[in-house]
Amino acid sequence: KMKTTYHRLLLGLTTCDALVSVAWFMTTWPIPRDVFPIYGALGTQQTCEAQGFFAQSSIACVFYNCSLAIYYYIVIILGWSQSRIDKSRIEIPMHLLGFMWGVATASASVALGLINPIGWDCWISAVPLGCKESFRNNGETTCTRGDNANLYQWIFFYAPLWLIVIGVTVIMTNIVCKFKRQDAKNKKYGEHDSNKRINSKISFKRKGPKNEAISALV
C-alpha cells in the first residue's frame, strides 16, 4: 500500500500525530517547578524545551492535512493518475514543506529561548506569564525569557495554520461542488439512488488514486 501517494501521506500524518501525542501526554510533567509552580510540574528547562520542540513541530501535521486536500484535488478534480503524480514529483514538497517548517521553527524557538511553560504544557511563551513584551511596549520588556513570544506564535504557528485552514476550505468546497454538479446530472437522467449516482461516474471496484480519494471522502 505504501506504493501510492495517498498511503504515504497518511503514514506521514499518523507518524507526526503519534510523536506530538507523546509530548502532549506528558502535560505538566516536563515543566520546571521553580519557573511555573503548577500541579504535576517535575521537570527542568531542558525537559520543557524538549516538550515544546515537539509541540511546535505539530504544525507539520497541519501541513500534512493540506497535502491530503491537495492530493484529493489533483486526483478528483484534475483526474491525475498515480503515474502522473510520480512523474510530476509533487509528492516531495508535500512531505518536505511541513517537516522542514515544523523542525525549523521548533529549532529556532529553542535557540531564541522561546520555549517556556504556557499553562498545562511547554510551548512558545514569555516568562513570567503576562509580562510586557517589547513589540507591544515601545521596545522595552519585563520578560526574563521569551520576549515577543506572542509575535512568534503567530509567525511560526497561527499564520500558517489559518492560511492552510482557508486553503483547505477552498479546495474541499470545490470538490463538494463537483459532486453536486455530477449528482444533478445523474438525477436529470433518472438515477434516484445516491450511491448509484456517485458510482455511475466512478466505479469503486477499480483501483486507482481517484477511487481511493473518493472512498476516503464519501
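A: α3 and α5 are roughly antiparallel to each other, because their axes meet at about 165°, and an angle over 145 degrees counts as roughly antiparallel. The two axes lie 8 Å apart, and α3 passes α5 in a right-handed crossing. On the α3 side, the contact is made by I59, A60, F63, Y64, S67, I70, Y71 and I74. The residues of α5 that meet them are M94, H95, L97, G98, F99, W101, G102 and T105. All of this is read from a predicted model.

The mean pLDDT of the protein chain is 88, and 87% of its residues reach 70 or more. Over residues 200-205, however, the pLDDT is below 50, although this stretch has twelve contacts in the model beyond near neighbours in sequence. Where pLDDT is low, the predicted coordinates should not be read in detail.

The protein chain has eight helices and two strands, and from the N terminus on its elements run α-α-α-α-α-β-β-α-α-α. Of the 218 residues in the chain, 40% are buried. Among contacts between residues at least 6 apart in sequence, 61% join residues at least 24 apart.

Two packed helices are described by the angle between their axes and the distance between the axes. For α1 and α3, the axes come within 9 Å and cross at roughly 165°. That makes α1 roughly antiparallel to α3. The crossing of α1 with α3 is left-handed, whereas α3 passes α5 in a right-handed crossing. From α1, the residues T5, Y6, L9, L10, G12, L13, C16, D17 and V20 take part. They meet A60, C61, Y64, N65, S67, L68, Y71 and Y72 in α3.

I92 lies in helix α5, which spans residues 91-111. I92 and T5 are 87 residues apart in sequence, and their C-alpha atoms are 9.9 Å apart in space. I92 is partly exposed, because its relative accessible area is 45%, between the limits of 20% and 50%.

The axes of α3 and α6 come within 9 Å and cross at roughly 20°. The two helices are therefore roughly parallel to each other, and α3 passes α6 in a left-handed crossing. The α3 residues in this contact are I59, V62, F63, N65, C66, A69, I70, Y72, Y73, I76 and I77. Those of α6 are F156, F157, P160, L161, I164, V168, I171, M172, N174, I175 and K178.

In soluble globular proteins, nonpolar side chains tend to be buried together. The largest nonpolar core of this model has 43 residues, and those with the most contacts inside it are Y71, Y72, V75 and I124. At least two residues of this core come from each of α1 (5-25), α2 (45-57), α3 (59-77), β2 (122-124) and α6 (149-188). The helix that gives the most is α3, with 14 residues.

Most residues other than glycine have a negative phi, and most peptide bonds are trans. T27, in the loop between α1 and α2, has a positive phi of about 40° although it is not a glycine. T27 counts as partly exposed, at 29% relative accessibility. N148 lies in the loop between β2 and α6 and has a positive phi of about 65°, again without being a glycine. N148 is buried, with a relative accessible area of 14%. P128 is also placed in the loop between β2 and α6, and the peptide bond from V127 to P128 is cis, with omega near -5°.

Key:
Residues numbered from 1 in each chain as written. Predicted model: local features only at pLDDT ≥ 70, side-chain atom pairs only at ≥ 80, totals over all residues. Heavy atoms only, no water. pLDDT = per-residue confidence, 0-100. Contact = heavy atoms within 4.5 Å. Core = buried A, V, L, I, M, F, W, Y, C linked by side-chain atoms within 4.5 Å. Buried < 20%, exposed > 50% of the residue type's maximum accessible area, 1.4 Å probe, protein only. Helix = DSSP H or I, 4+ residues; strand = E, 2+ residues; numbered from the N terminus. Axes fitted to C-alpha atoms, helices over the stretch in contact; angles between N-to-C directions. Parallel < 35°, antiparallel > 145°, perpendicular 65-115°, else oblique. Left-handed = near helix turned anticlockwise from the far one by under 90°.
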